[in-house]
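Subject: A structure for you to explore

Hi there,

Here is the structure I promised to pass on. Please open it beside this email and follow along as you read.

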Amino acid sequence: MIARQHPRSWRRFTLRGLVAVALGLAVALPGAASAASPADSHPTGARTAVPGTAAGQPAAEVPEAASHAPAPAPGLQPVALPGRSGSSYTVTLPTGDQVVLSRQASGTYLASAAPRSTSRMTFSVLGRTVDQAQVSALPDSATDFIQLHLIDARAFDVTWLAAHGDTGADAVIPLTVHYGGSGTAAALTARAGALAGATVVRADAGDGDVDLQVVAARAGAFWAALTGGTGRSATAHGTARPAFSGGITAAWPTGDRTPASLAPADAPSSTVTWTFTAAQGDAVYCPVFSWFQGIATATACPYYPVLIGLTGTAAGQTATPTGVTCLDTSPCNRYAVTFSVPNGVYDAQDMSVSVYRHGMEQLVDTVVPQVVVAGDSTVDTDLDTAAKLTVDTPQPAVDLEHYLTNSRATPGVYSGWEQPDSSGLDEAWAVPTAPVTIGDFHLSTFWLRGQAPVSGSIGGGSGTALQLYYPRYTDLDSPTFKRFSGTTTAQVVNVGYGTAADFAGVDVRGKLVLMRRASGIYQIQSDQLSAALQAGAAGVLVDPRDVDPTNLPVVPVEPDWWWTGGKPVQIPFATVTPDEAAALTALLARGPATVSVTDHGYSPYFYNLAFDREGRIPTALRYSVDGSRLARQSTTFHSSQPGSATQVESVLHPDDFFALLIPSVFAPAPSTVQEYYGPVSPDLVWDRITTLTTAAGVSGPDQALNVFDRPGSRTEDWFAAPESLGVPAVPDADYRTGVTLGQLYFCAFCRQGDTFYPTTFLTSGADPALVNNPYATYSFAPSAVHLYRDGVELPQQTEGTMPVYQLSDGPASYRLTVGAADLDSDWTFSSRRPTADALPEAFRCMGDYFGQSGPCDADPLIQLRYNAFVDAGNAVTADATHRIQITPYLGANPSLACAVTSFTVWTSTDGGGTWTQSAVSRSSSGVYTAEYRVPSLARTSGSVSVRVQAADAAGDSVTQTSYDAYPLTAG
């Protein structure tokens with residue numbers, strides 16, 4: 001199958017995130033932050049408020065309805081799924097792509113693209129409150145159909161789909177399709193019933209509507225049938241306007257179609273004309289643009305220009321263009337987009353205009369954050385004045401990942417959009433704007449920079465530098481892509497398009513081949529790469545140019561199996577730039593040439609940088625950081641088996657409404673990398689989530705929240721053994737000085753009223769603020785949990801799959817036991833009905849989620865946190881003396897050690913067959929250190945087991961045994 005895809009969509013994606021708004025959707029808020037000003041040329045990251053002026057309008061001309069003082073921002077607002085309590089739900093979109101909704105500790109949900117989804121997605125959020133918020137995932141394979149109103153964007157509302165049967169093994173997607181023309185109900189039923197995976201529920205011959213239930217498991221086949229067999233938009237030069245097959249002219253979620261007009265019918269309208277000028281740039285074919293007006297080529301390609309109402313009758317609504325007109329001859333370098341809207345104040349933005357220079361795509365942020373409409377109005381955007389966003393770092397580094405986010409907040413309305421780039425290649429630009437005078441405007445940028453994954457040169461290692469690019473950084477650590485190994489120096493052979501005829505009579509064994517992508521096809525095809533592999537080539541250099549120069553160039557080129565789901569071809573390849581491809585082609589025409597390709601492996605260092613511009617986009621966007629503005633962190637990813645660590649992170653500000661989690665560090669495990677965070681700022685919280693993948697499976701995700709508010713050095717340990725049952729230390733206590741995140745985690749071993757919840761987390765003593773699985777507490781299998789009072793076992797109840805117990809209404813003593821293959825824990829504790837909430841600030845009670853009410857507190861179970869000082873492989877050496885640090889604490893105050901009257905530690909190196917008591921010392925802070933001796937490896941079972949007994953003056957106690965807690969090595 002040939003995959004055709006608009007290349008811009010390859011950069012527009014998020015692996016995990018919630019960002020408001022994508023595709024110009026508006027998100028309503030109960031309030032907004034105060035207006036803020038631009039920072040200087042080297043911002044600190046802190047947001048400061050100053051006045052500004054309207055874009056193109058003096059302050060006096062702002063309508064009175066928009067001039068009232070904004071209310072304070074409400075802070076971060078997570079998304080809820082009312083009536084849902086599962087740890088995760090998988091929702092299938094009409095395209096067959098899947099979204100996973102994962103529950104956080106707060107009971108709310110985060111959305112992420114499922115690993116097997118072939119489309120890239122942009123996530124959006126709408127809603128006035130948490131309970132009303134809607135999460136949408138817009139796959140790029142459907143973008144063209146959404147823009148042309150063939151399918152309603154609400155068909156990709158994940159929360160709506162989840163509420164209407166689209167979860168679980170038997171999930172269905174309720175869709176309505178509309179047929180043009182006339183026909184009987186029987187005829188419509190037959191036509192619609194022929195769509196793969198669809199069952200007809202109702203057919204109405206009167207209006208031509210047919211209600212369907214699409215089997216989620218067959219949604220991909222349904223989408224292919226609906227779109228004419230390919231399941232993707234046709235975008236090559238000269239192709240027809242996209243259309244659905246079989247006479248279907250529209251589709252929408254059954255019973256939830258977007259109204260034809262969101263503005264009041266009697267609201268007076270004005271015409272807004274937004275002009276774009278780009279005298280500089282290559283002339284290329286812009287598919288969506290040409291479908292509107294038949295323009296052949298242009299120097300700039302619009303994406304989806306919209307106006308978002310900030311005040312007036314259109315507040316919180318999105319206006320799409322009524323027309324697009326070229327204002328000069330071909331190639332079109334000046335065009336006008338018109339809108340018909342009621343008077344008010346608007347946020348004008350295109351998703352990102354593309355300008356091509358030297359065959360490379362340049363993405364330009366074209367937001368105009370304040371447009372006052374009090375009659376027919378004009379807005380002018382000169383793309384040639386755009387400022388390039390650049391970042392300077394102390395060590396040589398390239399962009400591995402970056403994103404730009406515009407957010408706009410006024411009283412009652414929040415809008416925004418994100419422009420991610422996973423290749424790290426797209427150069428980002430922004431057109432300067434005048435300051436806003438109403439509400440708040442932020443241009444936020446995140447940059448992940450590190451060592452280039454691959455480089456090259458013509459003529460050997462000291463020859464002319466050759467720019468080489470792998471596909472998406474986020475997929476380079478995947479078995480679906482084969483990288484070069486070390487340095488490959490070989491002769492290059494031009495094989496054209498890599499057809500059988502191109503390879504006939506050409507010896508490419510052990511050589512590199514220069515191969516051109518097929519015309520109008522934006523991926524390198526499996527059969528092309530297979531031909532090179534079968535011919536014995538050492539690797540492929542992909543020429544990204546199209547034989548038709550007006551077709552959009554593509555850098556980097558991706559393999560088609562990332563889109564079709566086909567079998568990966570195990571040959572390394574990298575893309576060269578269009579200019580260098582032309583130069584290399586000319587060089588090979590004159591005679592043989594040699595190229596060196598070097599794969600640099602994983603980057604040993606990463607810069608995680610976040611910058612903000614406030615109130616406006618300035619004329620200079622060059623960012624620079626040095627050691628005085630960076631926090632250095634030595635990060636170790638522990639693992640007892642070879643694997644890889646994947647980190648995603650978001651940068652949270654005090655007035656952010658939603659957070660976007662983006663791909664970040666990829667590193668082998670075990671390993672230690674250097675990370676630099678900055679510019680240091682007291683009002684930025686870095687939320688980082690890491691997963692560990694080995695042959696044994698996936699561990700995590702583990703989460704950390706940090707504020708990097710001063711330069712300096714620190715260490716961090718992810719997945720360090722042994723993990724233990726317990727509560728995470730309150731993350732970075734200083735975060736409250738700048739940001740209030742509210743309740744982050746469910747309380748562990750807590751009682752609300754007379755209901756006791758025996759749930760907890762997995763934590764690490766090496767880094768107590770790291771918490772395993774931030775989306776849900778650690779819930780034991782009901783059969784492993786037993787609770788006793790006065791020696792009599794209490795009956796167990798369940799909330800969903802979670803065991804719960806009803807306790808005596810008066811004070812009483814209890815014994816709780818938990819048994820598992822690698823852990824036994826036995827607690828005695830006293831409990832009484834709480835009279836007041838006494839939880840740490842970051843925690844909430846589990847009972848809140850199940851409709852419980854009343855005060856909540858953690859019962860006084862002594863919990864234990866272990867730090868065995870293991871190496872990166874999670875092991876200690878045999879035939880040596882070691883120490884293990886153990887901290888007893890209570891869930892009511894997990895950041896501090898608690899006082900105990902007795903404390904005993906035993907270790908075993910034969911799997912628990914025999915135990916040896918350890919010498920124990922206590923620090924002034926209440927932390928215990930036990931020393932133990934390990935015999936030679938041959939005299940052990942290959943691991944260390946640990947048993948601890950502790951008791952306090954109140955009679956509470958714990959006996960905990962961790963079997964095979966961490967491995968041994970020969971040393």
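Below is what was found in it, one topic at a time.

This is a predicted model, in which local features need pLDDT of at least 70 and side-chain atom pairs count only at pLDDT 80 or more, while totals for chains, interfaces and linings use all residues. Residues are numbered from 1 along each chain as its sequence is written, and side-chain values use heavy atoms, with hydrogens and water left out.

**The cores**

Let's start inside. A nonpolar core is a set of buried Ala, Val, Leu, Ile, Met, Phe, Trp, Tyr and Cys residues joined through side-chain atoms within 4.5 Å. Buried means under 20% relative accessible area, exposed over 50%, and partly exposed in between, using a 1.4 Å probe and protein chains only. The largest nonpolar core has 75 residues, and Val513 and Val540 have the most contacts inside it. What does Val540 touch, if neighbours within four places in sequence are left aside? Its contacts (heavy atoms within 4.5 Å) include Phe484, Met515, Leu529 and Ile571, as well as Val513. There is also a second, separate core of 56 residues, with Trp827, Ala842, Val876 and Val944 among them.

**A sheet and its helices**

Next, look for an open sheet of four strands in the order 8-9-7-10, with antiparallel pairing. Helices (H or I, at least four residues) and strands (E, at least two) are DSSP runs, numbered from the N terminus. Two strands pair if DSSP finds at least two bridges between them. Which strands are at the edges? They are strand 8 (198-204) and strand 10 (248-253), each of which pairs on one side only. From one strand to the next, the twist averages 25 degrees.

Strand 7 (residues 172-179) and strand 9 (residues 209-215) are joined by seven bridges in the antiparallel sense, and Pro174 stands opposite Gln213 in strand 9. Helix 3 (residues 185-193) lies across strand 7, strand 8 and strand 9, at about 155 degrees to strand 8. Helix 4 (residues 219-226) packs on the sheet too, touching strand 7, strand 8, strand 9 and strand 10, and its direction makes about 145 degrees with that of strand 9. For these angles, axes are lines fitted to C-alpha atoms, for helices over the stretch in contact, and the angles run from 0 to 180 degrees between N-to-C directions.

The buried residues of helix 4 are Ala219, Phe222, Trp223, Ala224 and Leu226. Among the elements they pack against are strand 2 (88-92) and helix 1 (143-147). After helix 4 comes Gly228, with a positive phi near 100 degrees.

**Aromatic rings**

The structure holds 23 aromatic pairs. Rings of Phe, Tyr and Trp (its six-membered ring) pair if their centres lie within 6.5 Å; planes under 30 degrees apart count as stacked, over 60 as edge-to-face and the rest as tilted. Phe276 and Tyr335 are stacked, 5.1 Å centre to centre with 20 degrees between the planes. This pair links distant parts of the chain, 59 residues apart: Phe276 is in strand 11 (residues 269-277) and Tyr335 in strand 15 (residues 334-342). Phe276 counts as buried because its relative accessibility is 0%, and Tyr335 is buried at 1%.

Phe903 and Tyr928 are stacked as well, at 4.0 Å and 10 degrees. Both Phe903 and Tyr928 are buried.

Enjoy looking around!
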